[in-house]
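Take a look at the chain below. We will walk from its sheet to its core, and then to its ligand.

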Amino acid sequence: MRHGASPPLRTALGARPYAARVSDTPAPESAEPCRPDWPRVRLHVVTGKGGTGKSTVAAALALALASEGRNVLLCEVEGRQGIARMFDVDPLPYEERRIATGLPGRDGPGNHRGVVHALHVDAESALLEYLSMYYKLGRAGKALDRFGVIEFATTIAPGVRDVLLTGKVYEAVERNSRNRHAVRYDAVVLDAPPTGRITQFLNVNNELAGLAKVGPIKSQADNVMTLFRSPRTAVHLVTVLEEMPVQETSDGIADLHRARLPVGGVVVNLVRPRDLDKDDLDAARAGTLDRAALHADLAEAGVAAGDDALVDGLLAEARDHAERRALEDSQRKLVAELGVPTYELPRLAGGVDLGGLYELAADLKRQGLCS
Ligand SMILES: Nc1ncnc2c1ncn2[C@@H]1O[C@H](COP(=O)(O)OP(=O)(O)OP(=O)(O)O)[C@@H](O)[C@H]1O
Ligand SMILES: [Mg+2]
């Protein structure tokens, strides 16, 4: 973790090669114990601009937590079945399913691997569950569903859906003896709505408490808000090193602060390799890289000696990379000024499969994003 405007962000680079990932490699050993930045947190909310890697980071975080021996629930509330896709399993029902175990840690007593369960929360099922738990509306609830009442109830009032979704997340974190058959979790990771909606989503119970004034709805809403505003919750923001997502992250942090919701860390995802030094980057941008040396290197590697077109292509790619790196560096400075702990994850060549998720989990753990 790094704080605020301290020296340039720590990156996973140097710790291991970026691109040399083979999809069927076994999960890397996470020999290092985690020095957790978030030891008190039981609910990790992962938000960020669309497409920056929220679901990927949420899944990797769940695996990182499980590698510490924690039992973890990974929840999604956006109806996309992203978890099933990432873990390559059938679409998830409204039911907690065991989907993975944590990274293998060091051998020894007390170092067992925790389990990740996953849950796809949808508002209709959450309402049916609520009705059956509190009003014993078993079959009657199903009838309401058949007549479309449940769908009606969950779409009629803006915010009702979010009340149901956040209510289920609260239940999973605060699970108690009332729910006798349910698994108890040490941590819940929420693949949450994007930055533009996150404060409204987490704050919906605040508005509900204001409307209800007294009674059970008010006290349930107060309980949810108490958890969401407590140090047991952390809202992490995922970004990439581009102008719009970084600006959105900054705005999102300000919104969360205004709503008194606890800001966690910023996870900078999809970071490009940083294996060229400043002189090489400057030369690549200026178009002054040594052509002859490149020819010689290619010849030595036995690749198309004397191929001018190939050398031109490589130089153009190097310039493009150097320009992007310069943009990234300027955005990295802005991220460092946000004043929250930051973490970086590499852009994995070829995308993220299960092996890749474990790799990202090991990176998060090494940097302290665990508890
Ligand atoms: N570190 C990474 N390296 C390589 N590919 C990545 C990485 N992180 C995410 N991706 C890929 O980027 C795409 C978007 O990631 P993901 O689905 O996690 O984003 P998201 O923020 O959840 O998107 P959405 O807003 O649609 O829910 C996916 O194809 C994912 O595999
Ligand atoms: Mg997603």
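Two strands count as paired if DSSP finds at least two bridges between them. Keep that rule in mind while you trace the sheet. This is a predicted model. Its open sheet has 8 strands, in the order β3-β4-β2-β5-β1-β6-β7-β8, and the pairing is mixed. Now go to the edges. There you find β3 (97–101) and β8 (342–346). Each has a single partner strand, so one side of each has no neighbour in the sheet. Neighbouring strands are turned against each other by 25° on average, with direction ignored.

Strands of a sheet pair through backbone hydrogen bonds, either parallel or antiparallel. For one pair, find β1 (residues 43–48) and β6 (residues 233–239). These two run parallel, joined by 6 bridges. Within the pair, V45 stands opposite V235 in β6.

Next comes the core. In soluble globular proteins, nonpolar side chains tend to be buried together. Here the largest nonpolar core holds 83 residues. L61, A62, L63, L74 and V188 touch the most other members. The helix α1 gives the most to this core, with 10 residues. Take L63 as an example. Beyond its neighbours within four places in sequence, L63 is in contact with A100, G102, L103, V116, L357, Y358 and A361.

Last, turn to ligand 1. Which residues come nearest to it? They are G50, G53, K54, S55 and T56, out of 17 residues around the ligand. By class, this shell has 5 nonpolar, 10 polar and 2 charged residues. Both α1 (54–66) and β7 (263–271) supply at least two residues of the shell. The largest share, 3 residues, comes from α1.

Note on methods: Residues numbered from 1 in each chain as written. Chains lettered and ligands numbered in written order. Predicted model: local features only at pLDDT ≥ 70, side-chain atom pairs only at ≥ 80, totals over all residues. Near = placed C-beta within 6 Å. Helix = DSSP H or I, 4+ residues; strand = E, 2+ residues; numbered from the N terminus. Nonpolar A, V, L, I, M, F, W, Y, C, P; charged D, E, K, R; others polar. Core = buried A, V, L, I, M, F, W, Y, C linked by C-beta atoms within 7 Å. Buried ≥ 20, exposed ≤ 12 C-beta atoms within 10 Å, placed from the backbone. Contact = placed C-beta atoms within 7 Å. Axes fitted to C-alpha atoms, helices over the stretch in contact; angles between N-to-C directions.
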